[in-house]
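Thanks for asking me to look this over. Here are my notes, in the order in which I would walk through them with you on screen.

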Amino acid sequence: MSESTDTPAAPPADPVTERALAVLQAAIPDGVVAYELTGGHPWIQVRAEDLRAACWLLRDHADTKLDCCHLISGVDWPDAGEGGELEVVYHLCSFELKPEPGYGQRALKNDPWVALKVRVPRDPGEVPTVMDIWTGADWHERETWDLVGVRFTGRRELRRILLPDDWPGHPLRKDWEYPASYHGVPIIPPEGY
Amino acid sequence: MPDDAQPGEVLLDPELQQSVILTKVQWVKDWGRRNALWPMAFGLACCAMEMMATAATKYDLDRFGAGVFRASPRQSDLMIVAGTLSHKMAPRLKRLWEQMPDPKYVIAMGACVIGGGPYSRYGYHVVQGVDLIVPVDVYLPGCPPRPEALIDAIRKLQFRIQERTGESLATIEAKTGRKGAGAARAS
């Protein structure tokens with residue numbers, strides 16, 4: 001062991017996310033805003049206007065082939081930027097790519113995974129749809145609209161999917177307030193709200 | 001009639017006394033009611049799995065006369081509210097309950113329908129107790145309760161039916177004009 005033991009070895013970068021980053025940076029030079037290649041769930045953040053181009057690229061490029069939009073999640077950041085920001089995270093995976101050797105260190109082991117992030121201002125909170133890229137994104141986008149209130153543009157009608165149609169607001173936003181009742185049934189908020 | 005009979009005395013043939021039981025018609029009605037409860041096949045979440053297990057062969061709810069799960073509320077006496085009741089479901093539950101013929105009974109099965117259960121603090125979408133929607137006869141705690149517990153709840157309900165001469169909570173409330181604790185109406 002000739003290496004110094006003072007500094008711990010840098011954690012290994014995720015190979016699939018690394019390749020996805022290279023693909024994105026080659027095709028859309030200014031598109032990538034930030035990225036994190038190590039850790040439990042590495043991610044790449046792109047500009048909102050480059051999102052669709054990035055998604056097409058990651059789906060069709062021979063190096064990535066992320067053919068499945070497994071999950072879309074929304075995050076509300078009320079204190080970020082001016083007037084808050086909404087973040088949408090696309091968890092993409094590939095059925096076509098084979099897992100690489102030594103790929104078992106992550107929580108989601110054995111499968112190639114990439115998390116793609118995009119951030120937009122909270123008002124109006126509009127993100128272009130990816131429904132035509134991955135058809136399965138339809139319900140995920142509806143859920144993200146339902147709970148976090150992200151407006152996906154360029155898709156067919158954006159309806160609620162889990163909550164009733166006349167539900168007030170988007171409950172996973174940080175500033176959402178508990179209504180006193182819903183159709184005569186009281187809603188009891190937790191203490192401190 | 002024999003000449004030595006006293007006024008007011010009930011005279012029965014000794015042979016008839018061997019084979020006839022005298023009782024009240026009401027008692028017989030209650031006996032029939034409590035031993036032929038027809039629950040509605042209505043499950044909302046994981047408690048419904050225990051309800052199914054209770055009705056299946058191992059626990060065999062039919063032993064207590066309550067195993068005939070009906071697919072229609074119009075044929076049911078008993079609504080076992082098994083699972084998490086969301087605000088979206090609440091008007092539907094109320095409507096199903098209203099479609100059941102009187103006398104009708106409700107068992108609140110599991111922590112969620114008793115008072116919100118694990119969703120009682122931050123579950124904005126969960127009704128904090130089914131007794132806000134319909135009157136409840138028996139509360140059955142557990143998360144989820146085991147089949148033995150559901151059988152116990154049904155036995156308790158059967159005893160209460162006999163004690164109360166068949167009247168459900170809804171009938172009593174309608175007669176007395178008093179609402180049960182926290183019994184608000186949905187939509």
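**Notes on the predicted model**

1. Let's begin with a helix pair in chain A. A20(A), V23(A), L24(A) and A27(A) of helix 1 of chain A are in contact with A54(A), L57(A) and L58(A) of helix 2 of chain A. By residue type, this contact is made up of 7 nonpolar residues, with no polar and no charged ones. Please keep in mind throughout that the model is predicted.

2. How do the axes of these two helices cross? Helix 1 (residues 15–27) and helix 2 (residues 51–60) of chain A have axes that come within 10 Å and cross at roughly 130 degrees. Helix 1 of chain A and helix 2 of chain A are therefore oblique to each other. The crossing of helix 1 of chain A and helix 2 of chain A is right-handed.

3. Stepping back to the whole of chain A, its secondary structure consists of 3 helices and 9 strands. Read from the N terminus, the order of elements in chain A is α-β-β-α-β-β-β-β-α-β-β-β. Chain A has 193 residues, of which 27% count as buried. Among contacts in chain A with a separation of 6 or more, 57% are between residues 24 or more positions apart.

4. Next, the cores. The largest nonpolar core has 43 residues, and V81(B), I107(B), A108(B), M109(B) and V130(B) have the most contacts inside it. Elements of chain B that give two or more residues to this core include strand 1 (78–82), strand 2 (105–109) and helix 6 (147–163). A second, separate core has 31 residues, among them A20(A), V46(A), L86(A) and L92(A). As background, nonpolar side chains tend to be buried together in soluble globular proteins.

5. Setting aside neighbours within four places in sequence, V130(B) is in contact with V81(B), L85(B), A108(B), V113(B) and V136(B).

6. Not counting residues up to four places away in sequence, L96(B) touches F42(B) and P73(B). P73(B) lies 23 residues from L96(B) along the chain, and their C-alpha atoms are separated by 6.1 Å.

7. Finally, the contact between the chains. Chain B gives 16 residues to this contact and chain A gives 12. On the side of chain B that touches chain A, 9 residues are nonpolar, 4 are polar and 3 are charged.

Notes: Residues are numbered from 1 along each chain as its sequence is written. Chains are lettered from A and ligands numbered from 1 in the order in which they are written. This is a predicted model: local features need pLDDT of at least 70, side-chain atom pairs count only at pLDDT 80 or more; totals for chains, interfaces and linings use all residues. Axes are lines fitted to C-alpha atoms, for helices over the stretch in contact, and angles run from 0 to 180 degrees between N-to-C directions. Helices (H or I, at least four residues) and strands (E, at least two) are DSSP runs, numbered from the N terminus. Angles under 35 degrees count as roughly parallel, over 145 as roughly antiparallel, 65 to 115 as roughly perpendicular and the rest as oblique. A crossing is left-handed if the near helix is turned anticlockwise from the far one by less than a right angle, and right-handed if clockwise. Two residues are in contact if their C-beta atoms, placed from the backbone, lie within 7 Å. Ala, Val, Leu, Ile, Met, Phe, Trp, Tyr, Cys and Pro count as nonpolar, Asp, Glu, Lys and Arg as charged, and the others, Gly among them, as polar. A nonpolar core is a set of buried Ala, Val, Leu, Ile, Met, Phe, Trp, Tyr and Cys residues joined through C-beta atoms within 7 Å. A residue is buried if 20 or more other C-beta atoms lie within 10 Å of its own, exposed if 12 or fewer, and partly exposed in between; C-beta atoms are placed from the backbone.
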